[in-house]
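Here is a quick tour of the model shown below. Have a look at it first, and then we can walk through a few spots together.

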Amino acid sequence: MRVAVIGAGILGASVAWHLRRGGASVTVFDAGGTQATPGSFAWINASWGNDPIYRALRLASMELWPTLAAAVPGTGYRRCGGLMWDLPEADLRAFAAEAEDYGRLVTGAEASTLEPGLVAPPELAFHAPGEAQLEPQPAAKAMAGPVTEGRVALDETRGRPEVLIDGGREAFDAVVLAAGEGVNALLAPLGLQVEMSAPPGLLAWSQPVAPLLNGLVMAPELHLRQTAEGRIVVGEDFGGCDPGAEAEASAQLLFRQASTLLGRELTLERYTVAKRPTPGDGRPAVGALPLPGFYLALSHSGVTLAPAIGAMLADEVLNGWRDLLIAPYAPERLIYSV
Ligand SMILES: Cc1cc2nc3c(=O)[nH]c(=O)nc-3n(C[C@H](O)[C@H](O)[C@H](O)COP(=O)(O)OP(=O)(O)OC[C@H]3O[C@@H](n4cnc5c(N)ncnc54)[C@H](O)[C@@H]3O)c2cc1C
C-alpha cells in the first residue's frame, strides 16, 4: 500500500513510523516553517482534568512510549516522573484520591528528596512516577524518516487521493493529513473544514546548566523540565500561555519565577511561541475523513498521544481496524462542508 503523510511533526512522524512497520510504502511531505512540535513543553502525562475515556487513551499512550522509544533511537524519552502542586490543596487531595493508580501525595520532605534542586519545596504535592518527557523535535525527525520538503495541496477529482507538489501530482492509496495548524488550508480545496483553533503558547529556554531537576515540576502557574542537553524549559499553565505582544517580557518573568523556585539565577537563552493545533472540543480528531482514502490525525497533547494515535491510525489505514480507545474520536463530529 502506498501512503502519503502530510506533516512531519510528532503526529505525522509517528503515523509514518507505524505505517512503515505495518508494511506500507510511505512518503512524508513537510513544508517546514511553523510547527507545534519543536515549541512543545513535551510533558507526557494523564494528569488532572481528563474525563475517564480520554484518560484511558492517554494512559494507553503513556504505556506505549517506552516500547516506541526503544525501537527508535534518539527520541530523548525519559520516564522521569512528575511532581505537581498546581491545584488548591482540597483539589489536589481529591485528585489523589481518584488517581491512586497514577501516583500519590507526598510531603514537603519527600518532595525535597525527589527534587533536591527546589529551594522552596511545597508542603504537599502529588508525585506521578510514570510521567515522562521527550525531546520532541529529534523524536519526530527520528520517526519520520526521509522527508520530501515542500508545501503540498490535495486533490480527489480523479476519484483517488492525489498529492500536488511543485507543479506535479502523485496518486496514493491513502493520504494522512497530519498538518497541525495547516490542516484547513489542505481541506479547503476538498470542500471540507474541521472545527479547530490554534492558541499560541510561550516557552522560555535557559542555556545548558548542570543537572538541577530530576523530573517534571508543575508548580502553580509555572511548569519546568530540564532537557537532555541541560536546558531548563519554563512554561506557564500547561506549558505555555498566550504571550501577546509581551513575549520577551513574559519569558523574563517566567525565568525570574523559576530562578526563585530553584534558588539559582538562570540566563534566558531564547523563547519560543508555538501554536497548539486543538480540535474544537479539545479531544483528538483521528480517523477516516468523509472522502475515500483521506485520513486525519489532529490533536492537542500530541506528544503524549503520538504512540497511540500513530499505532491506531496505521491499523485503521492498513487493516480497516478501528481501536476501541480511539473510536470515540472520529473526525466526522467536527467536520463540515464548505
Ligand atoms: C507551548 C506548547 C506546549 C505544549 N505542551 C505539551 C505537553 O506538555 N504535552 C503534550 O503532550 N503536548 C503538548 N503540546 C501539544 C503538542 O506539542 C502538539 O499537540 C503536537 O506537537 C502537534 O503535532 P502535529 O504533528 O500535529 O503538528 P505540527 O508539529 O505543527 O506539525 C505539522 C506539520 O505539518 C506541516 N504542514 C502543514 N501544512 C502543510 C502542507 N500544506 N504541506 C506540507 N506540510 C505541511 C507543517 O510544516 C508542520 O511541520 C504543546 C504545544 C505547545 C505549542
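## Val163 and its neighbours

Let's begin with Val163, which touches Ala4, Ile6, Phe29, Val152, Ala153, Leu154, Gly168, Arg169, Glu170, Phe172 and Val175, leaving aside residues up to four places away in sequence. Contact here means heavy atoms within 4.5 Å. Val163 sits in strand β10 (residues 162–165). With a relative accessible area of 0%, Val163 is buried (buried means under 20% relative accessible area, exposed over 50%, partly exposed in between, using a 1.4 Å probe and protein chains only). Thr27 is 136 residues away from Val163 along the chain, yet their C-alpha atoms are separated by 10 Å.

## What you are looking at

This is a predicted model, where local features need pLDDT of at least 70 and side-chain atom pairs count only at pLDDT 80 or more, while totals for chains, interfaces and linings use all residues. Residues are numbered from 1 along each chain as its sequence is written, and side-chain values use heavy atoms, with hydrogens and water left out.

## The chain overall

The chain has eight helices and 23 strands; these are DSSP runs numbered from the N terminus, with helices (H or I) of at least four residues and strands (E) of at least two. Its radius of gyration is 20 Å, close to the 20 Å that the globule rule gives for 338 residues, so the chain is as compact as a globular protein of that length. That radius is taken over C-alpha atoms, and the rule is 2.2 Å times the number of residues to the power 0.38.

Along the principal axes, the C-alpha atoms fill a box of roughly 65 × 40 × 35 Å. Buried residues make up 55% of the 338 residues. Of the contacts with a separation of 6 or more, 71% come from residues 24 or more positions apart.

## Two helix pairs

Two packed helices are described by the angle between their axes and the distance between the axes. Axes are lines fitted to C-alpha atoms, for helices over the stretch in contact, and angles run from 0 to 180 degrees between N-to-C directions. Angles under 35 degrees count as roughly parallel, over 145 as roughly antiparallel, 65 to 115 as roughly perpendicular and the rest as oblique.

Helix α1 (residues 10–21) and helix α5 (residues 136–144) have axes that come within 8 Å and cross at roughly 30 degrees, which makes α1 roughly parallel to α5. On the α1 side the contact residues include Ile10, Trp17 and Arg20, and on the α5 side Pro136 and Met143 are among them. By class, this contact has nine nonpolar, one polar and one charged residues (Ala, Val, Leu, Ile, Met, Phe, Trp, Tyr, Cys and Pro count as nonpolar, Asp, Glu, Lys and Arg as charged, and the others, Gly among them, as polar).

Helix α2 (residues 52–71) packs against α8 at an angle of about 85 degrees, with the axes 7 Å apart. The two are therefore roughly perpendicular to each other. Tyr54, Trp65 and Leu68 are among the α2 residues in the contact, and Val303, Pro307 and Met312 are among those of α8.

## Loops worth a click

Most residues other than glycine have a negative phi. Ala42 has a positive phi of about 65 degrees, in the loop between β2 (25–30) and β3 (43–44). At 2% relative accessibility, Ala42 counts as buried. Glu221 also has a positive phi, near 55 degrees, but is exposed at 56% relative accessible area.
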